[in-house]
Amino acid sequence: MNRTDRLYALVEDLRAIAPRCRSARELASRFEVSVRTIERDITALQESGVPIYAEPGRRGGYALDKKMSLPPLNFSPAEAVAIALALSRAGDQPFGRQARSALRKVVAAMPGREGELARELARRVRVVAEPGDGGTGGRLGAEGVSRAIVEALLRRRVLRLEYADAKGALTSRDVEPGVFLGGRGGFWYLVAWCRLRDDVRVFRLDRIASAGVIGERCPDRPLEGFAPDLPEMMVHGTVLDQ
């Protein structure tokens with residue numbers, strides 16, 4: 001990263017966490033430069049008029065004037081994850097970096113509890129990259145199924161599904177949702193602990209006839225236990241803060 005890009009990234013990093021501060025050591029580690037380089041960069045930014053100030057003390061550091069940050073936004077956790085998912089394909093395309101910067105600002109400006117819920121939901125939404133993959137839309141199943149899955153993931157509640165197998169035979173199942181997976185062949189899947197089979201199962205959304213959230217809270221299960229049987233390098237998490 002050249003100096004111009006680093007100066008821009010420093011401002012965006014401090015803007016994203018304002019009014020909190022970040023120490024010179026943290027910034028140096030983040031940008032892989034020396035503490036002295038960070039101090040020189042901050043001085044240059046201050047001299048150019050950027051309202052960065054130093055917070056003294058053991059937990060002090062550099063902070064951007066909160067007037068330069070966004071006020072709390074009324075984005076829901078699902079909306080924030082939807083933006084992250086849409087941006088996941090931007091990669092190194094033009095404006096990809098700026099799009100990710102905009103998302104960081106949105107998440108940082110969300111009220112604390114909503115931001116944490118968004119991060120937790122993002123951990124449970126995955127995308128599979130395949131050669132020639134044309135997108136993740138189109139095969140979402142019956143109306144309301146996706147909405148019920150997102151609600152169950154957010155609230156950590158059990159889902160009751162009506163699910164059709166490859167031959168069209170319906171079964172009723174109570175499942176504990178783990179991961180919402182999209183992208184493989186254009187389909188979306190729910191990876192969940194199936195109480196009928198007493199094991200992890202993968203449910204294709206277009207085969208879920210109905211889904212409803214019931215009041216029972218899911219027991220805690222390690223997220224790693226819901227990993228689908230796919231090469232790890234092909235599965236990408238939904239990123240909110242990077």
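1. In this predicted model, Tyr163 has a relative accessibility of 7% and therefore counts as buried, the cut-off for that word being under 20%. Phe203, with a relative accessible area of 1%, is buried as well.

2. The structure holds two aromatic pairs. In one of them, the ring centres of Tyr163 and Phe203 are 5.0 Å apart and the ring planes stand at 85 degrees, which means that the pair is edge-to-face. Because Tyr163 belongs to strand S4 (residues 157-164) and Phe203 to strand S7 (residues 199-204), this pair ties together parts that are 40 residues apart in sequence.

3. Helix H2 (residues 24-31) has Ala24, Leu27, Ala28 and Phe31 as its buried residues. Viewed down the axis of H2, these buried residues fall within an arc of 100 degrees, so they line one face of the helix. Their cover includes helix H1 (3-17), helix H3 (35-47) and strand S2 (61-64), whereas the exposed residues Arg25 and Ser29 are carried on the face of H2 turned away from the buried side. Just after H2, Glu32 takes a positive phi of about 55 degrees.

4. Arg22 is found in the loop between H1 and H2, and this arginine is buried, with a relative accessible area of 15%. The side chain of Arg22 is joined to that of Asp13 by a polar contact of 2.7 Å. Leaving aside residues up to four places away in sequence, Arg22 touches several residues, including Leu14, Ile17, Leu27 and Tyr62.

Key
Residues are numbered from 1 along each chain as its sequence is written. This is a predicted model: local features need pLDDT of at least 70, side-chain atom pairs count only at pLDDT 80 or more; totals for chains, interfaces and linings use all residues. Side-chain values use heavy atoms; hydrogens and water are left out. Buried means under 20% relative accessible area, exposed over 50%, partly exposed in between (1.4 Å probe, protein chains only). Helices (H or I, at least four residues) and strands (E, at least two) are DSSP runs, numbered from the N terminus. The arc is that of the directions from the helix axis to the C-beta atoms. Contact means heavy atoms within 4.5 Å. A polar contact is a pair of N or O atoms within 3.5 Å; within protein, one must be able to donate a hydrogen and the other to accept it, and residues adjacent in sequence count only if both atoms are side-chain atoms. Rings of Phe, Tyr and Trp (its six-membered ring) pair if their centres lie within 6.5 Å; planes under 30 degrees apart count as stacked, over 60 as edge-to-face and the rest as tilted.
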